[in-house]
Amino acid sequence: MDMLEALRRGDGSVAAVREDGALVYVAKSGAYLLAAEDVQAGEALCGGIVRPLQAAVHHEATARLVMDMLGFSGMMQCWAGAWLNPQPPEAEGAFTLLDPSQGPVIQQAFPQAFEEGELEERLRAGALQGLWEGQRLLGLAGLYPEGGLGYLTVLPELAGQGLEQQLAARATAWCLQRCFAPFVHIPVDDPESLAMYQALGYSFSERPVCWLS
């Protein structure tokens, strides 16, 4: 889903392809997305990787080979989820598309949610939505540069009260409104988020995707 959506939305380009695999590059984030039927195919496709910042590899053995070949030091395994229902989930609450003028408010409410420059870039891309109560920003969600749902966070005092699922539902509906296929990557050590997306209606892969950095 991630590779196809990157291409369909125009965010990615094919860096290498063969009968048993493909490599897609997402320029916005410097990420490569690699799917190969076996390690040998993955090794051959790695020849198309130039100055990588991060990579998502759809096979653990291939991911470990890529780590060795390209000098990555970290690997995070994630369950790959997709929304397969043509109808959006119900989303309650007052949501708005966030813009660059609201950057200071977001930074004050969620100082640890973004790396340097990331918040401004996502706001300029129109990729973040906020959940409000009057003038108070309760939480936000949006899309990573690779196209997956992310940045889902709420105020610490509101965690666990169901707002996270409202935000995930809204982000999913928002994707469908834009004719995007919603997908998400959930770290394997985050069973709470996995359960939340499953309860919302997402379907998940049997094998994790490996993010390298």
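Q: Where is Ser29 found, and is Ser29 buried or exposed?
A: This is a predicted model. Ser29 is in the loop that joins β2 (21–26) to β3. A residue is called buried when its relative accessible area is under 20%. Ser29 has 13% relative accessibility, so Ser29 counts as buried.

Q: Which residues is Ser29 in contact with, leaving aside its neighbours within four places in sequence?
A: Ser29 is in contact with Leu53, Gln54, Pro145 and Glu146.

Q: What does the protein chain contain in helices and strands, and how many of each?
A: The protein chain has 7 helices and 12 strands. Its C-alpha trace spans about 55 × 35 × 30 Å along the principal axes.

Q: What radius of gyration would a compact globule of 213 residues have, and what does the protein chain have?
A: The value for a compact globule with 213 residues would be near 17 Å, and the protein chain agrees because its radius of gyration is 17 Å. Of the 213 residues, 49% count as buried. Among contacts with a separation of 6 or more, 58% are between residues 24 or more positions apart.

Q: Where do nonpolar side chains tend to be in soluble globular proteins?
A: In soluble globular proteins, nonpolar side chains tend to be buried together. Here, the largest nonpolar core has 38 residues, and Ile106, Leu149, Tyr197 and Tyr202 touch the most other members. Elements that give two or more residues to this core include α5 (118–124), β9 (149–154), α6 (163–177) and α7 (191–200). The largest share, 7 residues, comes from α6.

Q: Which residues does Tyr197 touch, not counting residues up to four places away in sequence?
A: Tyr197 touches Leu149, Leu152, Ala168, Val184, Ile186, Tyr202 and Phe204. There is also a second, separate core of 17 residues, with Leu34, Ala55, Ala63 and Phe72 among them.

Q: Which residues of helix α3 are buried, and what do they pack against?
A: In α3 (residues 60–70), the buried residues are Thr62, Ala63, Leu65, Val66 and Met67. The buried residues of α3 pack against β3 (31–36), α2 (39–45), β4 (54–57), β5 (75–82) and β12 (209–212). After α3 comes Gly71, with a positive phi near 80 degrees.

Q: Which residues make a nonpolar surface patch of about 260 Å²?
A: The patch is made by Leu7, Val14 and Val17. Val17 is in strand β1 (residues 12–18). Exposed means over 50% relative accessible area. Val17 has 61% relative accessibility and therefore counts as exposed.

Q: How many salt bridges are there, and which residues are linked in a network?
A: The count comes to 9 salt bridges. Glu5, Arg8 and Arg9 are linked in a network of them. Within it, the side chains of Arg9 and Glu5 meet at 2.6 Å, N to O. Arg9, at 15% relative accessibility, counts as buried, and Glu5 is buried with a relative accessible area of 3%.

Q: Where do Glu120 and Arg124 lie, and are they buried or exposed?
A: Both residues lie in helix α5, 4 residues apart, about one turn of the helix. Glu120 is partly exposed at 45% relative accessibility, whereas Arg124 is exposed at 61%.

Q: Which residue forms a salt bridge with Glu133?
A: Glu133 forms a salt bridge with Arg136, and the closest N and O atoms are 3.9 Å apart. Glu133 is exposed, with a relative accessible area of 52%; Arg136, at 35% relative accessibility, is partly exposed.

Technical notes. Residues numbered from 1 in each chain as written. Predicted model: local features only at pLDDT ≥ 70, side-chain atom pairs only at ≥ 80, totals over all residues. Heavy atoms only, no water. Core = buried A, V, L, I, M, F, W, Y, C linked by side-chain atoms within 4.5 Å. Buried < 20%, exposed > 50% of the residue type's maximum accessible area, 1.4 Å probe, protein only. Contact = heavy atoms within 4.5 Å. Patch = residues over 30% accessible without salt bridge, like charges linked within 9 Å, V, L, I, M, F, W, Y side chains within 5 Å. Areas by Shrake-Rupley, 256 points an atom, 1.4 Å probe, with all protein chains shown as cover. Salt bridge = Lys/Arg side-chain N within 4 Å of Asp/Glu carboxyl O. Rg over C-alpha atoms; globule rule 2.2 N^0.38 Å.
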